[in-house]
Amino acid sequence: MSQPDAPSHPPLQAKTLTDAAPAGPTREVERIAVLDVLRGFALLGIFCVNIHLFALPIAWAYYPADLDPDDQWSRLSLFLVEMLCEYKFVSLFSLLFGAGFAILLERLAARNASVKVYYRRLFVLGIFGLLHGLLFWWGDILFLYAVIGCVLTLFRRTRPKTLVIFGAIAIIGSVLLFGAMSGLQLIMMESMQAQAEAVQPTETPAEILPADDSTPRWLSLLSQSKFNLVGDNWVELELIAYGEGPYYVTLLVRAIEFLFIAIMSLTLQGFGLRVLGMFLIGMALYRSGFFRGRGGPAPILLVLIGLGPALLAESLFATFMVSVDEEFSLAWILVEAGHQFASAFLCLGYVGLFMLLIRLAWLEPVLYGLACVGRLALTNYLMQTVIATTIMYWYGLGLYAQTNRWEQLVIVGLIFGFQICFSIIW
């Protein structure tokens, strides 16, 4: 009797990890399907945020000076990205990295293998991150993951509840550190402005010498910017580096931005603490059996909290952020801190939602496409950078600072659609 045809793709229900699996690449039968689906979903959300950073200067991402008050489609696009995507998907990606690290550590322990394998993988990840950040785009996250991932071995025997506690402390600490350092920066700025206004000129200003025409414009801007990445001089420098070239200017500006943001993320900005917190929560969810369907009513609870109060709060914060007139102020700091805090709950709401959706057979074709993208997470993450920067930068189509917000999201849809097709075929 003939055998029934094999399904065109493996079922998406969560599978149990083979305990004695080798410490090599994860085989098909060892995958937990919901993790792949969530990775694909996270890559889409991250791309929706990153496209504005691919296409616009850094300052315009924080203060949307590029918005035309009459361009309602762009305002709506920015509102949706702020409310639904910003901080949520990088948090989700971090959570999934934490779960992935837990899986790797579990497999190493099952084989009595050395954690040196784990550190070798982090080293390779860090190299990818450095190359990505220095040669393609300053907003790389892989290098940060590699550095912070080194800490996770300290928690390899920690119980899930304790991991959640430490994770929550790290996330709250990141918000408090951001608020404290931003408040200090605001006080210093106001003090310097007050001193400048109080000083009265007592002497006739010296004669202003004509500018040296031999000095390149980009070099003058670099000198005048004092490395203020949200100042007007730096905005103009970015417009030259990414919109006009030549490549050595692009490389220099990108390297400065990558190193500055990486250092700030690991220290004063507090973002590194947030990543660590999501790593720990991801480890806790995996070890508790949550991703294998052993969470009981937890997914429903996460959906109720994340898509209820957290989503409402994020809609209010996004309304404030979309205001084109609002700049760095105490109100902005408080809203941004609340935005960072609420986004962690909305991220968990997404996790709970997909734990429920993956049980619906009629959604399997859509979820399968996301799962295929998630199984090639590193490839697709880097591919997004290569394609988008080629479209935006001077050495490609040269659309840097030439597209509005909704057009940028259309580009995301087209590229991500291609990635789904590519990933399924692969």
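**Entry 1: helix α16.** I began with the face of α16 turned away from its buried side, and there I found the exposed residues Leu414 and Ile425. I took exposed as over 50% relative accessible area, buried as under 20% and partly exposed as in between, with a 1.4 Å probe on protein chains only. This is a predicted model, where local features need pLDDT of at least 70 and side-chain atom pairs pLDDT 80 or more, while totals for chains, interfaces and linings use all residues. Numbering runs from 1 along each chain as its sequence is written, and side-chain values use heavy atoms, without hydrogens and water.

Helices are DSSP runs of H or I, at least four residues, numbered from the N terminus. The buried residues of α16 include Arg405, Gln408, Ile411 and Phe416. They line one face of the helix, because they fall within an arc of 130° seen down its axis (the arc uses directions from the axis to the C-beta atoms). I noted α1, α3 (72–84) and α15 (377–392) among the elements covering them.

**Entry 2: His52.** Next I looked up His52, which sits in helix α1 (residues 33–55). His52 counts as buried because its relative accessibility is 4%. Beyond its neighbours within four places in sequence, His52 is in contact (heavy atoms within 4.5 Å) with Val81, Arg405, Gln408 and Leu409.

**Entry 3: the cores.** A nonpolar core here is a set of buried Ala, Val, Leu, Ile, Met, Phe, Trp, Tyr and Cys residues joined through side-chain atoms within 4.5 Å. The largest has 105 residues, and Leu92, Leu95, Tyr145 and Phe291 touch the most other members. Helix α1 gives this core its largest share, 16 residues.

Technical notes. Helices (H or I, at least four residues) and strands (E, at least two) are DSSP runs, numbered from the N terminus.
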